[in-house]
Amino acid sequence: DEDIALLEGVGGDALEEATTWGMPVVAVVGRPNVGKSALVNRIIGRREAVVQDIPGVTRDRVSYPAEWNERRFSLMDTGGWEPDAKGLDQSVAVQAEVAIDTADVILFVVDSRVGPTATDERVVSLLRQSGVPVVVVANKVDDQRQEPEIASLWSLGLGEPWPVSALHGRGVADLLDHVLTLLPTKAKAPIQPGGPRRVALVGKPNVGKSSLLNKAARSERVVVADTAGTTRDPVDELVDIGGETWKFVDTAGIRRKVHLQQGADFYASLRTQAALEKAEVAVVVIDVSEPVSEQDMRIIDLVVESGRGLVIAFNKWDLLDDERRRYLEREIEVDLDHVDWAPRVNISAETGRHIEKLPHALHTALESWDRRIGTGELNAFVAELAQAHPHPVRGGKQPRVLYATQATTRPPTFVLFTTGFLDPQYRRFIQRRLRETYGFEGTPIRIQMRVRE
Ligand code: GDP
Ligand code: GDP
């Protein structure tokens with residue numbers, strides 16, 4: 001019996017379940033080359049080489065589902081940005097900042113062979129003030145004889161350093177046991193049934209996210225202070241739109257303007273993913289006064305990959321003239337064709353135009369995200385499809401779909417039990433038909449395949 005899970009959608013990672021929805025977050029922070037990726041790979045059991053071989057895997061993905069002693073958590077690797085020497089302090093500070101806003105536990109990785117550096121110490125003061133539990137990971141302790149060397153790490157004032165070898169796995173089990181004792185039983189932002197739905201407002205810099213937040217909130221914004229007694233920035237804000245309350249998550253990432261000489265894309269991507277971790281649905285804001293860019297598309301892809309609902313807000317509509325409008329229509333057709341299922345709103349954060357249309361779009365996306373198709377109905381759909389459009393014969397065999405079921409909602413995820421490997425085109429065809437039949441407006445959908453020999 002060969003079990004193969006294939007996640008469909010933009011940049012879907014073929015080996016991993018993509019959703020980290022609602023899980024507590026453990027963030028990995030540290031200077032370049034201390035072994036953050038090695039540690040992440042070790043914890044999630046990923047073989048680096050394999051992952052790199054998969055086409056379409058988004059390089060800047062940062063959050064992975066992880067599990068230890070039956071506790072599931074989301075492991076966030078904030079270190080995918082290689083700055084030059086000048087940008088180093090800033091990059092590590094940015095990682096720490098995002099981790100502080102997002103994580104339930106922070107793993108601060110230090111190279112035990114190098115010891116704490118000036119950069120480390122600067123980050124440490126940020127971490128110490130944060131109120132978030134921090135574990136100092138003394139990496140590259142490949143054998144016991146090196147253990148005494150880590151004593152200098154006590155000087156960081158973050159408690160006991162944990163000796164590990166990410167490369168060989170040494171000490172990682174003990175580290176994870178310890179991490180579990182620090183994990184809250186619930187995610188930092190538990191989902192309250194019936195509470196306000198959680199929205200991530202994302203988009204590249206200067207598209208108008210903070211303007212939109214301000215306009216929507218007017219004077220009604222309620223700032224939700226996070227954990228009392230800490231110096232942390234408020235990270236979520238309740239916003240009333242048309243008499244209904246929404247929770248905009250990780251607004252610290254919007255409010256705090258970071259002016260980076262370099263690494264701005266990475267910072268935006270990190271912020272986007274941090275917000276998506278906690279959100280149910282994302283509003284991707286695009287500035288219509290400029291051509292739709294690679295960065296806009298990458299942010300959309302991150303939303304799709306995260307498995308959250310998607311609404312696209314075309315902002316600065318007040319700046320649109322006829323010529324630009326024609327170009328925009330063309331760009332939408334070409335560049336955003338793969339997300340033609342996402343509800344769109346054409347707004348102006350400046351004038352307030354059509355902001356009141358946002359709630360309807362959000363509800364549409366959330367309803368689809370929560371939608372479940374009954375197994376009976378689904379199998380009737382599959383049977384009809386197989387009869388009208390059988391899979392092409394491949395090497396003398398014709399793979400068939402025996403049975404289908406919707407494994408989960410949030411986002412809708414379907415499992416197809418088949419007699420052979422389905423062509424990517426055929427899987428896309430099924431996905432298209434699922435949308436044509438059931439809508440799923442505003443949500444990514446996933447198809448997994450199980451091959452029965
Ligand atoms: P990152 O930049 O912090 O993500 O660091 P990497 O995970 O890419 O590791 C940097 C280098 O350190 C690589 O050459 C790794 O092979 C090496 N490395 C990572 N962990 C260990 C370890 O536990 N022991 C040893 N000896 N080398 C390690
Ligand atoms: P953020 O970086 O995505 O939060 O973007 P901001 O909200 O800071 O907006 C960037 C710039 O675009 C500011 O100068 C805003 O005044 C301007 N802006 C935002 N929304 C609109 C809009 O709807 N119309 C116009 N004309 N300008 C806007």
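A: Strand β2 (residues 25-29) and strand β5 (residues 105-111) run parallel and are joined by 4 bridges. Please note that this is a predicted model.

Q: Which residue stands opposite Phe108 of β5?

A: That residue is Val29.

Q: What holds paired strands together, in general?

A: Strands of a sheet pair through backbone hydrogen bonds, and the pairing is either parallel or antiparallel.

Q: And what is the order of strands in the open sheet?

A: The order is β3-β4-β2-β5-β6-β7, which makes an open sheet of 6 strands with mixed pairing. At the edges stand β3 (63-68) and β7 (161-163); each has a single partner strand, so one side of each is left without a neighbour in the sheet. From one strand to the next, the twist averages 30 degrees.

Q: Which helix lies across β2?

A: Helix α1 (residues 36-44) does, and it also lies across β3, β4 (71-77), β5 and β6 (134-139). Relative to β4, helix α1 runs at about 160 degrees.

Q: Back to β2 for a moment. Is Val26 buried or exposed?

A: Val26, which lies in strand β2, is buried, because 27 other C-beta atoms are within 10 Å; the cut-off for a buried residue is 20 or more.

Q: What does Val26 touch, leaving aside residues up to four places away in sequence?

A: Val26 touches Phe73, Leu75, Met76, Ala103, Asp104, Val105, Leu107 and Val179.

Q: Changing topic: how many residues does helix α9 have?

A: Helix α9 (residues 294-306) has 13 residues. From its first C-alpha to its last it reaches 18 Å, close to the 18 Å expected at 1.5 Å a residue.

Q: Which residues of α9 are buried, and what covers them?

A: Asp296, Ile299, Ile300, Leu302, Val303, Val304, Glu305 and Ser306 are buried in α9. The cover over the buried residues of α9 includes β8 (197-202), α8 (264-278), β12 (281-287) and β13 (309-315).

Q: What comes just after α9?

A: Gly307 does, and it takes a positive phi of about 80 degrees.

Q: Last topic, ligand 2. Which residues come nearest?

A: Of the 16 residues around ligand 2, the nearest are Gly208, Lys209, Ser210, Ser211 and Glu350.

Q: Which helix gives the most to that shell?

A: Helix α6 (residues 209-217) gives the most to the shell around ligand 2, namely 3 residues.

Q: And how do the shell residues divide into nonpolar, polar and charged?

A: The shell around ligand 2 has 5 nonpolar, 7 polar and 4 charged residues.

Key:
Residues are numbered from 1 along each chain as its sequence is written. Chains are lettered from A and ligands numbered from 1 in the order in which they are written. This is a predicted model: local features need pLDDT of at least 70, side-chain atom pairs count only at pLDDT 80 or more; totals for chains, interfaces and linings use all residues. A residue is near a molecule or strand if its C-beta atom, placed from the backbone, lies within 6 Å of it. Helices (H or I, at least four residues) and strands (E, at least two) are DSSP runs, numbered from the N terminus. Ala, Val, Leu, Ile, Met, Phe, Trp, Tyr, Cys and Pro count as nonpolar, Asp, Glu, Lys and Arg as charged, and the others, Gly among them, as polar. Two strands pair if DSSP finds at least two bridges between them. Axes are lines fitted to C-alpha atoms, for helices over the stretch in contact, and angles run from 0 to 180 degrees between N-to-C directions. Two residues are in contact if their C-beta atoms, placed from the backbone, lie within 7 Å. A residue is buried if 20 or more other C-beta atoms lie within 10 Å of its own, exposed if 12 or fewer, and partly exposed in between; C-beta atoms are placed from the backbone. The expected span of a helix is 1.5 Å times one less than its number of residues.
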